Amino acid sequence: MEAGLRDCRLGDWDRKTGARERPRLDGPYERTLPEVDTEQLYLISLIPPLVAAGTASLSDSCVADRANRLTEILLAAHIRATDHWAKEGYENRHSRRSARVMVDLAVSGNTEPLKAHAQQFSTNSRALHQFLRDLAILFTYDDGLRPSLPAVWPVVMKAALDAIGDGTGLRTSHHWDGHALGSLLPAPEIDISDTDIDATLARARQDWLHPDTLTSLLDRWAVLARQEPKALDALAQLGKCAPLPWQRDTGLHLAERLIDGSHRIAANRCWYLPDWLRTLHSRDAMTPDQIARWRRLVDGLASAGDHRAADLQRMEE
């Protein structure tokens, strides 16, 4: 496992090969790995040793203590490299494997790696989105892991919100900012290889965390996510995991707070919101206040040119 760290450092460009040199990095890695410049860390080579060390640190093996020390060093390097790669636009197809290590550590009682990553990415919207999306996919597809969601996600969400503050530092990329704000909510997330999306969502929603678990955090998040279409879609996805009374009351109230009177920002820009509003409508089950709020949302979207909202209006005819 430690031998795999020998090639985790990038060197200078080789003009003959057109590739970066790979100078060997020798141990002890507790000393040498932190000394490698962030721009020289090869993230892909860090992940297999991190997975192995993290797993060993949680075992009853005689090397557990040694693995735990190395895991801490690897996680620190992983944070630096991931942050840098996201800023440069490099792709990391193995990010979910390292995210699983952090979830397993959190379930065992060590939430510091999760919090450290969320805090580090508070000014890097692409990195934050990818990190939170990986976590959401893990909880969506692992039935055995999902019961830990109420204990894990509030820790991550609070750490991110604390670090983000008023949000000025996070807004570094027009494209990724909305994705990051939306992914702060723990909505089920689909893997691109899934061939039965409806079945996956139905199974995940059966025992997903109740939004009331996040009550105080939702208030803080709503302030940051105001007038963000991706946040409205995330709310719609999370709402479908909650009982209908919550959706028709708290859910609609949050949606109205997010739109904040500017329906044009959501019209034809939300994929899940109109369908969610359709599932909520019921003259018999909704209170007059809830119906009024539903109508304000639908009418506002329709007046801003959302053709699906116009279809929803016909439900009242």
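Student: What is Thr71 in contact with, leaving aside its neighbours within four places in sequence?

Tutor: This is a predicted model. In it, Thr71 touches Leu50, Ala53, Gly54, Ser57 and Leu105, leaving aside neighbours within four places in sequence. Thr71 itself is found in helix α3, residues 64-88.

Student: Why is Thr71 called buried?

Tutor: Its relative accessible area is 2%. Buried means under 20%, so Thr71 is buried.

Student: Which residues of α4 are buried, and what covers them?

Tutor: Ser95, Ser98, Ala99, Val101, Met102, Val103, Leu105 and Ala106 are buried. Their cover includes α2 (43-57), α3, α5, α6 and α7 (149-164). After α4 comes Gly109, with a positive phi near 120°.

Student: What describes the packing of α5 and α6?

Tutor: Two packed helices are described by the angle between their axes and the distance between the axes. For α5 (residues 112-120) and α6 (residues 125-141), the angle is about 145° and the axes are 9 Å apart. The crossing is left-handed.

Student: Which residues meet there, and how do they divide into nonpolar, polar and charged?

Tutor: Leu114, His117 and Ala118 in α5 meet Leu128, Phe131 and Leu135 in α6. The contact has five nonpolar residues, one polar and no charged.

Terms used:
Residues numbered from 1 in each chain as written. Predicted model: local features only at pLDDT ≥ 70, side-chain atom pairs only at ≥ 80, totals over all residues. Heavy atoms only, no water. Axes fitted to C-alpha atoms, helices over the stretch in contact; angles between N-to-C directions. Helix = DSSP H or I, 4+ residues; strand = E, 2+ residues; numbered from the N terminus. Left-handed = near helix turned anticlockwise from the far one by under 90°. Contact = heavy atoms within 4.5 Å. Nonpolar A, V, L, I, M, F, W, Y, C, P; charged D, E, K, R; others polar. Buried < 20%, exposed > 50% of the residue type's maximum accessible area, 1.4 Å probe, protein only.
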